[in-house]
Amino acid sequence: MGKQPVAQMYFYYSAMNAGKSTTLLQSSFNYQERGMTPLIYTAALDDRYDVGKVSSRIGLQSDAQLFRNETNLYQEITALNEVEKRHCILVDECQFLSKQQVYQLTEVVDKLHIPVLCYGLRTDFLGELFEGSRYLLSWADKLIELKTICHCGRKANMVIRTDEFGNAIAQGEQVAIGGNERYVSVCRQHYKDALGK
Ligand SMILES: [Zn+2]
């Protein structure tokens, strides 16, 4: 019998609108096609729903488990995996994981030997790392950048938050829910220009 491949933790990161959810759902489809069962998570940004959904701009979608601040991902995934064997864990909006939850996911890789693929933003609109992204960058086995481009054609690695009139916002909470804010991916030069730096 061949040696079992070693499970790894992957962090797919990008600015906004780089097709992260599409890539996640494509990955889920590939696993299912090979007769394997993925488990999908996404962030519960508010308490209105019990079941999450990951949907992509090209129309694919899938139900997802929700993670909240208090979710112990190692315990929950261990329990779900006992009911039905899972072959990979896919986490959307992984920038919202806490340090502890990223650690719990490393335990899923190291103790349960299930690969974990995380998809999310690297930095917020102020150019600061999200907590989840900080520890994924530190601890993941593989870092994969999903590229998107600025309106000028250069690689977009920054995100600006704009108000309803399209003006860049230079302060505020890391996560804005609801409201009329929009996010735009831009290159670093246009990020500086937009914020008047
Ligand atoms: Zn640009």
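Biologist: What does tyrosine 10 count as: buried, exposed or partly exposed?
Modeller: Partly exposed, because its relative accessibility is 23%. The cut-offs are under 20% relative accessible area for buried, over 50% for exposed, and partly exposed in between, with a 1.4 Å probe and protein chains only.

Biologist: Before we go on, what kind of model is this?
Modeller: It's a predicted model, where local features need pLDDT of at least 70 and side-chain atom pairs count only at pLDDT 80 or more, while totals for chains, interfaces and linings use all residues. Residues are numbered from 1 along each chain as its sequence is written, and side-chain values use heavy atoms, with hydrogens and water left out.

Biologist: OK, aromatics. How many aromatic pairs are there?
Modeller: Rings of Phe, Tyr and Trp (its six-membered ring) pair if their centres lie within 6.5 Å; planes under 30 degrees apart are stacked, over 60 edge-to-face, and the rest tilted. That rule gives six aromatic pairs. One of them is stacked: tyrosine 10 and tyrosine 12, because their ring centres are 6.4 Å apart and their planes sit at 20°.

Biologist: And tyrosine 12, buried or exposed?
Modeller: Tyrosine 12 is buried, at 16% relative accessible area. There's also a tilted pair, tyrosine 135 with tryptophan 139, at 5.0 Å centre to centre and 45° between the planes.

Biologist: How far apart are tyrosine 135 and tryptophan 139 in their helix?
Modeller: They are four residues apart in helix H4 (residues 131-139), so about one helical turn separates them. Helices (H or I, at least four residues) and strands (E, at least two) are DSSP runs, numbered from the N terminus. Tyrosine 135 is buried at 19% relative accessible area, while tryptophan 139 is partly exposed at 32%.

Biologist: Which residues of H4 are buried?
Modeller: Gly132, Ser133, Tyr135 and Leu136 are buried in H4. The buried residues of H4 pack against strand E1 (9-14), helix H3 (99-111), strand E6 (116-121) and strand E7 (142-145). Contact here means heavy atoms within 4.5 Å.

Biologist: Back to tyrosine 10 and tyrosine 12. Which cluster do ring pairs link them into?
Modeller: Ring pairs link Tyr10, Tyr12 and Tyr119 into a cluster.

Biologist: What lies over the face of tyrosine 31?
Modeller: Arginine 34 does, at 5.1 Å from the ring centre. A charge sits over a ring if NZ of Lys or CZ of Arg is within 6 Å of the ring centre and within 35 degrees of the ring normal. Likewise, arginine 161 lies over the face of phenylalanine 125, at 3.8 Å from the ring centre.

Biologist: Tell me about tyrosine 31 itself. Where is it found?
Modeller: Tyrosine 31 is in helix H1 (residues 20-33), and it is buried at 13% relative accessible area. Not counting residues up to four places away in sequence, tyrosine 31 touches Met36, Pro38, His87, Cys88, Pro115 and Leu117. Tyrosine 31 and histidine 87 are 56 residues apart along the chain, with their C-alpha atoms separated by 7.9 Å.

Biologist: Switching topic: what is in the lining of the second largest pocket?
Modeller: That pocket has 14 lining residues, with Pro5, Ala7, His87, His113 and Pro115 nearest its centre. By class, the lining has seven nonpolar, four polar and three charged residues. Ala, Val, Leu, Ile, Met, Phe, Trp, Tyr, Cys and Pro count as nonpolar, Asp, Glu, Lys and Arg as charged, and the others, Gly among them, as polar.

Biologist: What counts as a pocket or a cavity?
Modeller: On a 1 Å grid over the protein atoms alone, a cavity is a set of points where a 1.4 Å probe fits but cannot get out, and a pocket is an open set with protein on both sides within 12 Å along at least five of seven lines; lining residues have an atom within 4 Å of a point.

Biologist: Histidine 113 came up there. Where does it lie?
Modeller: Histidine 113 is in the loop between H3 and E6. It is exposed, at 53% relative accessible area, and has a positive phi of about 60° although it is not a glycine.

Biologist: And glutamate 93, what is its phi near?
Modeller: Near 55°, a positive value in a residue other than glycine. Glutamate 93 sits in the loop between strand E5 (88-91) and H3, and counts as partly exposed at 29% relative accessibility.
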